[in-house]
Every structure is written in C-alpha cells, then in structure tokens.
Amino acid sequence: MNNNSLSAEAREVLMQLVGCIDQLNFDEYTKKINLLSNSTIGEHTRHIIEVFEQLLSGYETENINYDNRKRDIRIQQNIDFATERIANIIQQLERKDKQLLLTTVYNNQKISIDSTYYRELIYNIEHCIHHQAIIKIALLHFGNTEIAENFGVAKSTIEYRKQCAQ
C-alpha cells in the first residue's frame, strides 16, 4: 500500500467522523454519557484530532509524542471548530514516508522506538476507527442520527464480512 492509499483511508475515516458529528447538536456533542464512562462524543473527537495532529507535527521534528497532546477544550465543545481541524488534517496527510522516533513514558521511564510516517498513519487510522466504535455507542444511545454501516468497524472486519457473505 502506498501513501496515496493510506491518505485516502485516513481521509475516509475522518470524513465519516465529520458526517456523524455534523448531525449532532451542541447538547448531544457535549453530553456526558454513562455508557462511555462519562465521556462525551466531543472528547472522543478531540482525542482523535489531537493524535492525528501530533503525528503531523512530529513529522516535521521527526519525533512523535502522542502524550504531548494540547487537549484543546474548544474541539470538544464546538463541532464547527472540530470540523475545521479535521479539514486541516486532511489537507496535510499526503506526505512521503520517512523514519520517525516515537517517544512515550511508561512507569516513569522515557521510551523511544523507531517508527515511520506510514506506520504511524496506519496506527492513526485504526485508532480513529476504535474511537468511532465508541462514538457509535453514543450515537445509538441518542437514537436520532444516521450511522454509516461501516462506521467504527475495522477494515479487516469489513473484508472478513464480505468473504463470509460470498
């Protein structure tokens, strides 16, 4: 798979997210939901956006640290602002693959491992889908939104279901 394919996949999952949050009103986007451990759709959306943004800024410095997200509360409180941030991410996705260093902290110990832009883009796609599955629970809880059939479903699961249907 080349970057055009990866960028297209990332763009697709992000556009699915936009399609869902655009259907919501402020209360639905910001309502704490017991089923989601009292988190909101806005908080999950912010998390997805900021992880993608960390990848893009880390591309420039060649060091990614997902722990250093900004946690911009405006994203989780304003659907239009979130949508603008997603559009900005989509415009920047197509990049050449290159070596990156992924840094995090576990047990008070800084850990750095080698990675690549493509590998991290795949991670972001899967991470986004995972959070979409959580958002889908909230959408079903509200019951008044249209949800794409494959929203929050891993690509491997979609392919498996196609094989089973044949």
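Colleague: What makes Lys 98 and Glu 62 a salt bridge?

Modeller: First, a caution: this is a predicted model. Now the pair. The closest N and O atoms of Lys 98 and Glu 62 are 3.5 Å apart. The cut-off is a Lys or Arg side-chain nitrogen within 4 Å of a carboxyl oxygen of Asp or Glu. So 3.5 Å qualifies, and the pair is a salt bridge.

Colleague: What parts does the pair of Lys 98 and Glu 62 tie together?

Modeller: Lys 98 lies in the loop between helix H5 (79-92) and E2. Glu 62 lies in the loop between H3 and E1. The pair therefore ties together parts that are 36 residues apart in sequence.

Colleague: Why is Lys 98 called partly exposed?

Modeller: Its relative accessible area is 23%. Buried means under 20%, and exposed means over 50%. Lys 98 falls in between, so it is partly exposed. Glu 62, at 42%, is partly exposed too.

Colleague: How do you know that Glu 43 and Lys 32 form a salt bridge?

Modeller: Their side chains meet at 3.7 Å, N to O. That is within 4 Å, so the label holds. Glu 43 lies in helix H3 (residues 41-61) and Lys 32 in the loop between helix H2 (26-30) and H3, so parts eleven residues apart in sequence are tied together.

Colleague: What separates Arg 46 and Glu 50 in helix H3?

Modeller: About one helical turn, because they are four residues apart there. They also form a salt bridge, with the closest N and O atoms 3.2 Å apart. Both residues are buried.

Colleague: How many salt bridges does the structure hold?

Modeller: Seven. Some of them link Glu 53, Asp 72, Arg 74 and Arg 85 in a network.

Colleague: Why does His 131 count as buried?

Modeller: Its relative accessibility is 9%. The limit for buried is under 20%, so His 131 passes. His 131 sits in helix H6. Leaving aside neighbours within four places in sequence, His 131 is in contact with His 44, His 47 and Ile 48.

Colleague: What makes E1 and E2 a pair?

Modeller: They share two bridges, in the parallel sense. Pairing needs at least two, so E1 and E2 meet the cut-off. In one of the bridges, Asn 63 has Leu 101 in E2 as its partner.

Colleague: And which sense do E2 and E3 pair in?

Modeller: Antiparallel, over eight bridges. Gln 99, for instance, has Thr 116 in E3 as its bridge partner. The hairpin of E2 and E3 has two residues between the strands, and Asn 107 takes a positive phi near 50° there.

Colleague: Why do E1 and E3 count as edges?

Modeller: The open sheet has three strands in the order E1-E2-E3, with mixed pairing. E1 (63-64) and E3 each have a single partner strand, so one side of each is left without a neighbour in the sheet. Helix H6 (residues 117-142) packs on this sheet and touches E1, E2 and E3. The direction of H6 makes about 105° with that of E3.

Colleague: Is Ile 113 buried, partly exposed or exposed?

Modeller: Partly exposed, because its relative accessible area is 45%. Ile 113 is in strand E3 (residues 109-116). With Tyr 106 and Ile 111, Ile 113 forms a nonpolar surface patch. Together they have about 290 Å² of accessible area.

Note on methods. Residues numbered from 1 in each chain as written. Predicted model: local features only at pLDDT ≥ 70, side-chain atom pairs only at ≥ 80, totals over all residues. Heavy atoms only, no water. Patch = residues over 30% accessible without salt bridge, like charges linked within 9 Å, V, L, I, M, F, W, Y side chains within 5 Å. Areas by Shrake-Rupley, 256 points an atom, 1.4 Å probe, with all protein chains shown as cover. Buried < 20%, exposed > 50% of the residue type's maximum accessible area, 1.4 Å probe, protein only. Contact = heavy atoms within 4.5 Å. Axes fitted to C-alpha atoms, helices over the stretch in contact; angles between N-to-C directions.
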